[in-house]
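Grab your viewer and work through these exercises. Try each task before you read its solution.

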Amino acid sequence: MARRKKVYEGKAKILYEGPEPGTLVQYFKDDATAFNAEKKDVIDGKGVLNNRLSEFFMVGLGQIGVPTHFIKRLNMREQLIRAVEIIPLEIIVRNVAAGSLSTRLGIEEGTPLPRPIIEFCYKDDKLGDPLVAEEHIIAFGWATQQDLDDIVALALRVNDFLSGCMLAVGIKLVDFKIEVGRIWDNDFQRLILADEISPDSCRLWDIETGKKLDKDVFRRDLGSLTDAYTEVARRLGVLPTNS
Ligand code: C5P
């Protein structure tokens with residue numbers, strides 16, 4: 001079989017040209033990186049777990065009417081997705097203080113936030129994805145005010161859905177990151193959820209014990225990342241099979 005054309009390779013995923021125009025194949029690697037790739041490892045099976053988990057969340061979000069790039073899972077490591085023009089922003093939603101928010105503002109990790117806080121970072125590895133204000137986004141043309149309003153509404157719907165999914169299995173959704181892309185349907189622009197939703201891009205804490213079940217296990221050397229992600233998948237009933 002002819003090798004597929006690679007369109008893009010990121011830290012945790014590869015995008016290949018898809019079978020139809022307007023589609024891509026998203027391949028989930030086992031590579032784990034943190035601190036803008038200063039810390040790296042290969043974690044056996046991480047890609048398989050994230051492929052399954054992202055499928056689970058994207059399908060569920062689609063069922064409640066949140067538009068996503070997900071079309072179908074192809075195999076253990078790949079899914080077929082719609083090609084989008086990625087908006088160069090990382091959209092972070094926080095329910096509980098942790099990570100860079102705690103470091104930046106001196107708010108103790110674990111402090112519940114009075115309302116979900118949405119932050120935007122400019123997607124640029126060389127700059128380390130800096131935090132930006134809406135002013136920057138609009139002034140530099142990365143998105144319009146209307147786009148930002150739509151992105152905030154979408155991010156809050158994703159937050160409600162994911163928080164509920166997690167709460168049902170005894171996990172607190174502390175924060176997460178999403179990416180959004182543009183598509184055109186007959187000259188009409190829509191913004192849809194893109195990239196992935198997985199424990200790589202969320203903070204997930206066991207409600208009872210506070211145990212971390214996300215990429216902080218790798219960032220902070222807290223044990224086996226595969227065990228943590230497997231626990232999330234097991235609780236959600238999406239443990240990978242060989243297909
Ligand atoms: O590091 P920080 O506290 O800003 O991360 C907030 C959330 O966004 C975390 O769930 C983290 O995993 C996610 N994130 C991500 N990719 C990045 C930066 C943050 O998935 N490049």
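Two housekeeping notes come before the exercises. Residues are numbered from 1 along each chain as its sequence is written. The model is predicted: local features need pLDDT of at least 70 and side-chain atom pairs count only at pLDDT 80 or more, while totals for chains, interfaces and linings use all residues.

**Exercise 1. Describe the shell around the ligand: which residues come nearest, and which elements supply at least two residues each?**

Step 1: At least two residues each come from strand 9 (89-96), helix 2 (99-105), strand 12 (171-185) and strand 14 (202-206).

Step 2: sort by class, with Ala, Val, Leu, Ile, Met, Phe, Trp, Tyr, Cys and Pro as nonpolar, Asp, Glu, Lys and Arg as charged, and the others, Gly among them, as polar. The shell splits into 5 nonpolar, 3 polar and 6 charged residues.

**Exercise 2. Work out how helix 1 packs on helix 6.**

Step 1: get the geometry from axes, which are lines fitted to C-alpha atoms, for helices over the stretch in contact, with angles running from 0 to 180 degrees between N-to-C directions. Helix 1 (residues 46-63) and helix 6 (residues 225-236) have axes 10 Å apart, at an angle of about 30 degrees.

Step 2: name the arrangement. Helix 1 is therefore roughly parallel to helix 6 (under 35 degrees is roughly parallel, over 145 roughly antiparallel, 65 to 115 roughly perpendicular and the rest oblique).

Step 3: list who touches whom, two residues being in contact if their C-beta atoms, placed from the backbone, lie within 7 Å. Helix 1 brings Lys 46, Leu 49, Arg 52, Leu 53 and Phe 56, and helix 6 brings Leu 225, Thr 226, Tyr 229, Thr 230, Val 232, Ala 233 and Leu 236. By class, the contact of helix 1 with helix 6 has 8 nonpolar, 2 polar and 2 charged residues.

**Exercise 3. Why does Phe 35 count as exposed, and why does Asp 195 count as buried?**

Step 1: locate them. Phe 35 is in the loop between strand 4 (31-34) and strand 5 (39-42), and Asp 195 is in the loop between strand 13 (188-194) and strand 14.

Step 2: count C-beta atoms, placed from the backbone, within 10 Å: 20 or more others means buried, 12 or fewer exposed, and in between partly exposed. Phe 35 has 9 others, so Phe 35 is exposed. Asp 195 has 23, so Asp 195 is buried.

Step 3: check phi. Phe 35 has a positive value near 50 degrees, in a residue other than glycine. For Asp 195, phi is positive too, near 60 degrees.

Note on methods: Helix = DSSP H or I, 4+ residues; strand = E, 2+ residues; numbered from the N terminus.
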